[in-house]
Amino acid sequence: LNATFFAFKKRERGGVLTGASIAFAVLAIVLYAALLGFIWFALGQNPLEMSQMAAQAQADPEAIQQMMSPGNIAIMVLVYLIFTFAICVLFAAYEAACLRWMIRGETKGFFGLALDDDTWRVYGIYWVWFVGFIIGAIAFLIIMGILGATIAATAGADSPVMLILPLLFFIVPIYLCTRLAPAAATAIAERRFAFFDAWSTSSDRFWALFGAFFLLWLIYMLLVCGITVAWLSWAVGPRLAEIFAGGSDPTAASIAINQATMDAMSAPGGMLIYAGVSMATWIIAIMFYIALFGVNARAAVAALEEGKITPEAAS
């Protein structure tokens, strides 16, 4: 538990993590608002109305076809690529700021956020995760297919040995992701790009890391599901009987639920309630991120103390 809540118990002196979190949230909102504003300016249509039309695409396919012209699609793809790059760099700066403070006790830039070497190391690690996930998934599926065919040919398709395959499908990715989870923290601790040094950082700590991650994910899912159920109960609950009165068509029910949600947001005070729910979800997500960063930071600090990893001199 000390490692799980390391970020909150050990390092929040002077409000560094709080300041970095607020700066990250504000800049993320600014980026999202800029995205919506640019789409509105480029396409001449309210993005919220476009979202509502997309939700009702099956009910009115001609309207969605007019909106999704080739030119509009090209503009939206370009805008979303730029937005994705910007939000990923911002998140890398945020993670680097938290890890830099928890591991090295340093802060710099705008409330800890800076486009420095640490940020670009973390951003590069995101790319390793992305490419590695694609390559690993393809390779893993091929290996699983060969292994399954071999077991079926030798022991029979109904053999109890075949039960190993579903277990491997979950155990292997979980083990690899847990062992490599401290990659960003290791790069901050070593002051260099060192993705696979995370294997040394997590040596003899698999169960501690896995237990911390499992506990944090469980708490996060319970909180988010609770807020989501409360919001939907308020927005859609009074109209559930009406929504499902016409039958069990999932498409019609989905459209009706989306319309009921939009109506609830348009009601007096609806936007304030939605804003409160969104803010609560943001706060829970940021606390979850900080806790995850803290678990990896604690592993990196322990690895430094044990000499499993060695930092380079500060430049």
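Modeller: We can go through the core, the aromatic rings, the surface and the charged groups in turn.

Modeller: Please keep in mind that this is a predicted model.

Colleague: Understood. Which residues of the largest nonpolar core touch the most other members?

Modeller: They are L17, Y94, L99, M102, I103 and F293, in a core of 42 residues.

Colleague: And which helix gives the most to this core?

Modeller: Helix α5 does, with twelve residues. The helices that each supply at least two residues are α1, α2, α5, α6, α8 and α13.

Colleague: Let us turn to the rings. How many aromatic pairs are found in the whole structure?

Modeller: The search finds 27 aromatic pairs. One of them joins F91 and Y289 edge-to-face, with 5.0 Å from centre to centre and 80° between the planes.

Colleague: Where do F91 and Y289 lie?

Modeller: F91 is in helix α5, residues 70-104, and Y289 is in helix α13, residues 270-306. The pair therefore ties together parts that are 198 residues apart in sequence. Y289 counts as partly exposed, because its relative accessibility is 29%.

Colleague: What about F206 and W207?

Modeller: F206 and W207 also form an edge-to-face aromatic pair, at 4.9 Å between centres and with 75° between the planes.

Colleague: Is F206 buried or exposed? And is W207 buried or exposed?

Modeller: F206 has 15% relative accessibility, so it counts as buried. W207 has 66%, so this residue counts as exposed.

Colleague: Which residues do ring pairs link into a cluster?

Modeller: The cluster holds F24, F91, Y94, Y126, W217, Y220, W282, F288, Y289 and F293. Two of these, Y94 and F293, were also named among the core residues that touch the most other members.

Colleague: Which ring does the charged end of R179 sit over?

Modeller: It sits over the ring of W199, 4.0 Å from the centre of that ring.

Colleague: Now the surface, please. Which residues make the nonpolar surface patch?

Modeller: W127, F130, V131, F133, I134, I135, I138, I142 and I146 make a patch of about 940 Å². F133, for example, belongs to helix α6, which covers residues 117-155.

Colleague: Why does F133 count as exposed?

Modeller: F133 counts as exposed because its relative accessibility is 63%, and the cut-off for that word is over 50%.

Colleague: Finally, how many salt bridges does the count come to?

Modeller: The count comes to twelve salt bridges. In one of them, the side chains of D116 and K108 meet at 3.3 Å, N to O. D116 is buried, because its relative accessibility is 13%, whereas K108 is partly exposed at 37%.

Colleague: What does E190 meet in a salt bridge?

Modeller: The side chain of E190 meets that of R192, at 3.4 Å from N to O. E190 is buried, with a relative accessible area of 1%, while R192 is partly exposed at 29%.

Colleague: Which residue forms a salt bridge with D204?

Modeller: K308 does, and the closest N and O atoms are 3.8 Å apart. D204 lies in the loop between α9 and α10 and K308 in the segment after α13, so the pair ties together parts 104 residues apart in sequence. D204 is exposed at 74% relative accessible area, and K308 is partly exposed at 29%.

Methods: Residues numbered from 1 in each chain as written. Predicted model: local features only at pLDDT ≥ 70, side-chain atom pairs only at ≥ 80, totals over all residues. Heavy atoms only, no water. Patch = residues over 30% accessible without salt bridge, like charges linked within 9 Å, V, L, I, M, F, W, Y side chains within 5 Å. Areas by Shrake-Rupley, 256 points an atom, 1.4 Å probe, with all protein chains shown as cover. Salt bridge = Lys/Arg side-chain N within 4 Å of Asp/Glu carboxyl O. Helix = DSSP H or I, 4+ residues; strand = E, 2+ residues; numbered from the N terminus. Buried < 20%, exposed > 50% of the residue type's maximum accessible area, 1.4 Å probe, protein only. Phe/Tyr/Trp six-rings, centres within 6.5 Å; stacked < 30°, edge-to-face > 60°. Lys NZ or Arg CZ within 6 Å of the ring centre and 35° of its normal. Core = buried A, V, L, I, M, F, W, Y, C linked by side-chain atoms within 4.5 Å.
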